Amino acid sequence: MTDGAVPRFWREIPQRYNLIGNQCGSCNKVYFPPRESCPYCRRKSMGKMKNLKLKGQGEVLTYTIIYNAPEHFEGQTPYAMAIIKLDEGPKVTAQIVDCDLDKIKIGMRVQSTFRKIQEDGYIGAIYYGYKFKSVEVK
Amino acid sequence: MMRDVAIIGIGLTKFGELWDKSFRNLIAEAGSKALLDSGISGSELDALYVGSMSTGRFIGQEHVGALVADWSGFAHMHIPAIRVESACASGGLAVRQGYFSVASGMNDIVVVGGVEKMTDVVGDEATDTLATGLDQEWEAFFGATFPGLYAMIATRHMHDYGTTREQLAKVAVKNHANGALNPYAQFKRAIPLEKVLCSPMTAYPLGMLDCSPVSDGAAAIVLCAADKAKKYTDKPVKILGTGQASDTLSLHGRDNICTFESTVFAGKNAYKQAKLTPNDIDVAEVHDCFTIAEILAIEDLGFVKKGEGGKAIDDKITTLDGKIPINPSGGLKAKGHPVGATGVAQIAEIVMQLRGEAGDRQIKDAKIGLTHNVGAVGASCVVHILEGM
């Protein structure tokens with residue numbers, strides 16, 4: 001999915017670089033990535049969604065080790081992907097890095113880290129974003 | 001008031017890597033077989049529906065409704081042709097749209113096809129195209145793959161319910177054993193448990209033999225107002241219920257990843273319309289794109305309790321002679337998974353079962369059957385319940 005015009009990637013920089021989500025001014029639920037309105041408060045949330053920078057701390061809900069990867073990730077295999085529940089509430093799908101693959105566990109505490117995600121061949125753009133590392137084990 | 005709708009004809013191509021057949025060859029073959037089986041003449045047809053996931057990427061062709069009408073020989077009759085897309089549930093959803101059009105009284109007879117031609121692309125293109133059913137910006141961008149997301153469901157299911165790697169593998173073993181009895185199946189051979197367990201890892205804990213294959217194929221059915229069905233066939237099959245539901249596009253957007261709420265809701269609506277419960281179902285074709293998906297499906301459809309899907313495999317209740325036979329066709333795993341065709345082919349299999357025409361894989365005394373077709377990682381789902389008339 002790296003074939004595309006630059007704006008497709010550029011417009012997501014606040015979220016992918018700095019974990020900017022948003023919060024419903026009506027029920028205080030936090031969303032990442034930010035939403036136009038709160039799915040639960042709906043019209044009551046219109047105009048009341050406020051940006052919120054997430055701390056990037058959370059725990060692993062589940063994980064897998066990817067052996068068969070898309071072309072732009074082939075150089076990284078095997079790599080760990082996880083669903084992480086951030087402390088503010090939202091969940092994200094991201095890689096777990098800087099950790100032995102067999103040390104990854106459900107419930108493990110993790111912290112986000114800014115990394116290269118993929119590159120569009122030798123001459124294309126390089127895309128950055130968040131990965132996560134364990135705060136418990138190396 | 002909606003009226004009852006019956007299936008009066010079915011047609012299938014063989015599923016597999018069909019290098020000598022094009023997209024248009026496949027759907028025209030399935031469609032003509034369905035029309036012949038139904039006994040209607042083409043001039044009686046009011047509309048054509050076709051489910052396909054991604055012709056744009058698989059064969060560089062859109063405008064599929066018109067293409068299929070043309071190559072099925074209906075261009076000069078100018079019948080309405082509608083393409084339906086819901087990722088891997090495109091076929092099931094096409095059936096549902098065809099059903100609505102007849103139930104509403106707008107149409108009397110329609111043909112519903114499903115088709116995918118997946119082997120005209122090379123390298124990673126087929127798996128990359130399937131992955132367009134995921135959330136491209138917030139899953140795939142970060143390196144998540146289709147098997148990877150199902151693998152994460154498996155990891156959590158094993159953690160929460162004690163489901164084992166062996167139980168997952170046994171789903172593949174069962175479905176290959178069934179596929180061996182199905183002349184239309186891509187893999188017509190049984191495989192031993194050890195072979196599944198030592199197949200190369202795709203995404204831990206799923207190995208290659210936990211995954212459905214890349215396939216070409218097509219399926220078609222003819223739908224007719226139920227009160228006119230006996231005019232055409234002695235063995236019409238009635239659609240008792242239909243249900244459809246959606247969920248978050250990304251897996252991580254859900255509160256509980258060990259259940260597909262889309263399956264639960266689509267199932268509930270279909271059961272409600274049919275005035276039936278899971279206990280009334282004699283046979284089911286469920287969406288086993290990965291072995292864990294069948295375990296989730298039999299739990300979410302209410303055939304077993306949540307968490308007992310793995311045990312159900314050990315207890316053999318889902319085999320051909322079990323209490324609730326699942327995927328007698330071989331399922332997506334062994335029959336093959338040309339994505340757009342799958343939902344329609346599931347209906348065709350249940351029709352064969354209810355007519356008593358399923359040969360060596362016939363379920364004894366099958367009266368009521370269910371089909372369950374999932375879009376990608378559960379963001380959409382379509383369920384149908386059928387009964388012989």
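Predicted model: local features only at pLDDT ≥ 70, side-chain atom pairs only at ≥ 80, totals over all residues.
Residues are numbered from 1 along each chain as its sequence is written, while chains are lettered from A and ligands numbered from 1 in the order in which they are written.

Is Asp216(B) buried or exposed? Asp216(B) is buried, because 27 other C-beta atoms lie within 10 Å. The cut-offs are these: a residue is buried if 20 or more other C-beta atoms lie within 10 Å of its own, exposed if 12 or fewer, and partly exposed in between, with C-beta atoms placed from the backbone. Leaving aside neighbours within four places in sequence, the contacts of Asp216(B) include Gly16(B), Glu17(B), Lys21(B), Glu116(B), Lys117(B) and Pro338(B). Two residues are in contact here if their C-beta atoms, placed from the backbone, lie within 7 Å. Gly65(B) is 151 residues away from Asp216(B) along the chain, and their C-alpha atoms are separated by 18 Å.

Now for the sheet in chain B. Its 9 strands form an open sheet with mixed pairing, in the order 3-2-4-7-1-8-11-10-9; two strands pair if DSSP finds at least two bridges between them. Strand 3 (81–84) and strand 9 (283–285) of chain B are at the edges with a single partner strand each, so one side of each has no neighbour in the sheet. From one strand to the next, the twist averages 25°. At the strand 3 end, strand 2 (residues 47–51) of chain B pairs with strand 3 of chain B in the parallel sense over 4 bridges, and Leu48(B) stands opposite Ala81(B). Helix 3 (residues 64–71) of chain B lies across strand 2, strand 3 and strand 4 (109–117) of chain B, and runs at about 130° to strand 3 of chain B. For such angles, axes are lines fitted to C-alpha atoms, for helices over the stretch in contact, and the values run from 0 to 180 degrees between N-to-C directions.

Beyond its neighbours within four places in sequence, Val344(B) is in contact with residues including Gly51(B), Ala94(B), Val112(B), Ala219(B) and Ile221(B).

Where do the two chains meet? The contact takes 26 residues from chain A and 27 residues from chain B. On the side of chain A that touches chain B, the elements giving two or more residues are strand 4 (57–66), strand 5 (79–86) and strand 6 (91–97) of chain A. Strand 4 of chain A gives the most to that side, with 6 residues. By class, that side of chain A has 17 nonpolar, 6 polar and 3 charged residues, where Ala, Val, Leu, Ile, Met, Phe, Trp, Tyr, Cys and Pro count as nonpolar, Asp, Glu, Lys and Arg as charged, and the others, Gly among them, as polar. Strand 4 of chain A and strand 5 (residues 201–204) of chain B run antiparallel and are joined by 2 bridges, with Ile66(A) and Ala203(B) as bridge partners.

A few backbone details are worth a look. Tyr204(B) and Pro205(B) are joined by a cis peptide bond, with omega about 5°, and Pro205(B) is in the loop between strand 5 and strand 6 (206–207) of chain B. Another cis peptide bond joins Thr77(A) and Pro78(A), with omega about -10°; Pro78(A) is in the loop between strand 4 and strand 5 of chain A. Arg42(A), although not a glycine, has a positive phi of about 50°, and is exposed, with 11 other C-beta atoms within 10 Å.
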